Amino acid sequence: MPKELWKGNEAIAEAAVRAGLEAYFGYPITPQTEVLEYLSRRMPELGRAFVQAESELGAVNMVYGAACTGVRVMSSSSSPGVSLMMEGLSYIAGTEVPAVLVNVMRGGPGLGNIAPAQSDYNQAVHGGGHGDYPRIVLAPASVQEAIDLTVLSFDLAEKYRMITMLILDGAIGQMMEPAEMPEMKPVHRQDFDWATNATMGKRERRLLTSIYLNPLDEEQTNLRLLNRWKEVQANEVRYKEYFIDDAEIVIVGFGTAGRVALSAVRTAREQGIKVGLLRPITVSPFPTERLSQLTGQARAFLVTEMNMGQMLDDVQLTVRGRVPVEFYGRPGGVVPFPDEILNEIKRINSAPTAGHTDARDAWLTRMTAQV
Amino acid sequence: MTTPANNLVYERPEAFTETPTHYCPGCTHGVAHRLVAEVLEEMNITDKTIGVAPVGCAVFAYNYFDVDFVEAPHGRAPAMATGVKRVLPDRVVFTYQGDGDLASIGMGEIVHAAARGENLTVIFINNANFGMTGGQMAPTTLPGMKTSSSQNGRDVETQGYPIKVSEMLSTLEGVGYCVRRSLHDPKNIRLAKKAIRTAFETQVRGLGFSMVELLSTCPTNWGMTPVNSLKFVEEHMIPAYPLGDYKISDAIKQIKI
Amino acid sequence: MAAKGWIEVSDTYCKGCELCISACPQDVMELNMSRLTPKGYHPAHTFKDGCTGCAICAVVCPDAAITVYREITKVNTPVTA
Ligand SMILES: Cc1ncc(C[n+]2csc(CCOP(=O)(O)OP(=O)(O)O)c2C)c(N)n1
Ligand code: SF4
Ligand code: SF4
Ligand code: SF4
Ligand SMILES: [Mg+2]
């Protein structure tokens, strides 16, 4: 298909439709609303289900219900709305049904603002709903990648009977870029052996629940989820590398922060600095193995994020002090300029890295001095 | 069975599984279950029915009906049922919810499912308390009624007034059928069954949201014998929650059962 | 003459709640204090003649424990609750 200009949010919506989305349930919130608006028109046109729910709580539970029947279903929201959805996500995880959720993140906590942020990394990757459960989290850095990952997210959710989240920031959601849409796939209802779609007199009744009153049963469920997660870790890690072959400084950044870092890396390369970029696409499962390998090559890591250093912790856990890790973040809905990251690259390149100071503390000190 | 079949007057509905319920002796949750099972069987719709269980004493409802079931988070059954019904409009979808589930934590979900006119059937069990968690005050607890969280009796000044759910929902355009019945004696049980039947007929005909509110007992937390609990329903619950047809759309009035 | 009926109460389901006993219009039911169900309840039973097979006990039973029969004088249609 030829490239067309697509706005990030609408591209995600259309990509989902083409991937066979049968039902969408959502609630308006900036900077995600275009997904809902687009689908409010597109889904009925195709005879598929669309409901503007009474709240994100309603939306996620509609997703839960539809997911139990085995159809492709999704919702989208932004940070405060995703907080409300956490109850449902935990139930979906506990029931082991596939569902896709898009979080177009904004500045927080609280009502925060509507500017692009990556403030919900921890919520998506580590936390959120109650209970012990893994989930797949994909982080696109362009409109094209948002399209591709939307399609992929349905496949992954179904394959692993797991929530798949797309986390992006308002910048990608709102930006217009040329991108290629996949072909329209006909809706294909898979005959899952777990779906509660009524017996129709042809099979034993089925039950989908997240309740395991006996702790031993719950423990088995937890272990089953973990084993499935091991498979995800083994098969689904995705990342992109730029200028990494001879890089002495390796930047780690996802989504927009990764994209901005790439501009900085290009300029730094022009100036002869051996810097490269590792951009995780699956932030969960995290590209731990690759990052670990790079500790043998890099003399410093620089983590760039649009938050106070959330992925930073994951990087540090992987690097385990073998190489100094530095951090540069812009929280609160501020998108860093490439120059800011370039300055960081130069600083690390010229100074023998302190190494033993805490990356976040050091960053905070520099930030405080700046303001 | 040696008895000729045509001697049979009543037997356990086939829409039930063999599992005995976990309900306390004499709890009328069991009666409500039985009526739903009888209706599904009589309408011959068990094959295409999907139930949505609540959080509350009926959390295990899914063990008792021989139909597909999903288990909703507390209060969210109407949203979950919406999700199921919207993608499978030819199936019969019902929720079974207590008053804490439906009228407290799930008030948003039920009101909007009703307002949207979701083609669902809701069986609403009003037993004036949170049974499962040990008898705390519910939105439906009567003024002055003692519960484990209104130990001197519900004080309306500080704890508010009971919510009359059927009256409230009946104001919504999307609602096709909304009635209140009671399970306290054989006559009322028969009327309740007829209402449940009408509610499912409403759904099968695509006539909008249908709900049957059932005044029900909680002998354990009320601290009464099952028999006295029925008297309590008659003497105290019905005056506060008058039985009646709160909304029956014209199309539904035509239904002959 | 009133129809003659009889009931069977299932030990699996009966919880001895007595709702059937108080509802039976013929007053022919009681808890059987000489027996216990596997769950430890005294089950309901008819302790004397006079059951008409009216099924009122079954209508009020929360546990669907009662099966009701009636002696045939003419072919009857099953009465449901
Ligand atoms: C989010 C959440 N909050 C609280 C609870 C605890 N809880 C379980 S059941 C229940 C009340 C149920 O009462 P009701 O819906 O009236 O059902 P009943 O047991 O009376 O039939 C509560 C508060 C829960 N499971 N989930
Ligand atoms: S606690 Fe109350 S509502 Fe729950 S099963 Fe026992 S009697 Fe019924
Ligand atoms: S009503 Fe049912 S459960 Fe209760 S005593 Fe009678 S037969 Fe047993
Ligand atoms: S069938 Fe009627 S008369 Fe016979 S035991 Fe039951 S209630 Fe009593
Ligand atoms: Mg209750």
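Contact here means heavy atoms within 4.5 Å. The model is predicted: local features need pLDDT of at least 70, side-chain atom pairs count only at pLDDT 80 or more, and totals for chains, interfaces and linings use all residues. Residues are numbered from 1 along each chain as its sequence is written, chains are lettered from A in the order in which they are written, and side-chain values use heavy atoms, without hydrogens and water.

Start with chain A. Its domain assignment, automatic or from a database, gives domain 1 (3–235) and domain 2 (239–370). Taken over C-alpha atoms, the centres of these two domains of chain A are 29 Å apart. Across the boundary, 32 residues of domain 1 of chain A are in contact with 24 residues of domain 2 of chain A. Buried area is the accessible area (1.4 Å probe) that two parts lose on being put together, summed over both. Between the two domains of chain A it is about 2,000 Å², and carbon and sulfur atoms give 51% of that. The two domains of chain A also share 2 salt bridges (a side-chain nitrogen of Lys or Arg within 4 Å of a carboxyl oxygen of Asp or Glu). Glu177(A) forms a salt bridge with Arg259(A), with the closest N and O atoms 2.4 Å apart.

Now the pockets. On a 1 Å grid over the protein atoms alone, a pocket is an open set of points where a 1.4 Å probe fits, with protein on both sides within 12 Å along at least five of seven lines; lining residues have an atom within 4 Å of a point. A volume is the space filled by probe spheres set on the points, which are joined across faces, edges and corners.

The largest pocket has a volume of about 430 Å³. Of its 20 lining residues, Val125(A), His126(A), Trp229(A), Gln233(A) and Ser284(A) are the closest to its centre. Both domain 1 and domain 2 of chain A give residues to this lining, so the largest pocket lies between them.

The second largest pocket holds about 280 Å³ of space. Its lining has 15 residues, and the closest to its centre are Ser90(A), Gly94(A), His130(A), Ser210(A) and Glu218(A).

Finally, turn to chains B and C. Their contact takes 34 residues from chain B and 33 residues from chain C. The area buried between chain B and chain C is about 2,800 Å², with 61% from carbon and sulfur atoms. On the chain B side, Val9(B), Tyr10(B) and Arg190(B) lose the most area to chain C, together 24% of what that side buries. The salt bridge count between chain B and chain C is 0.
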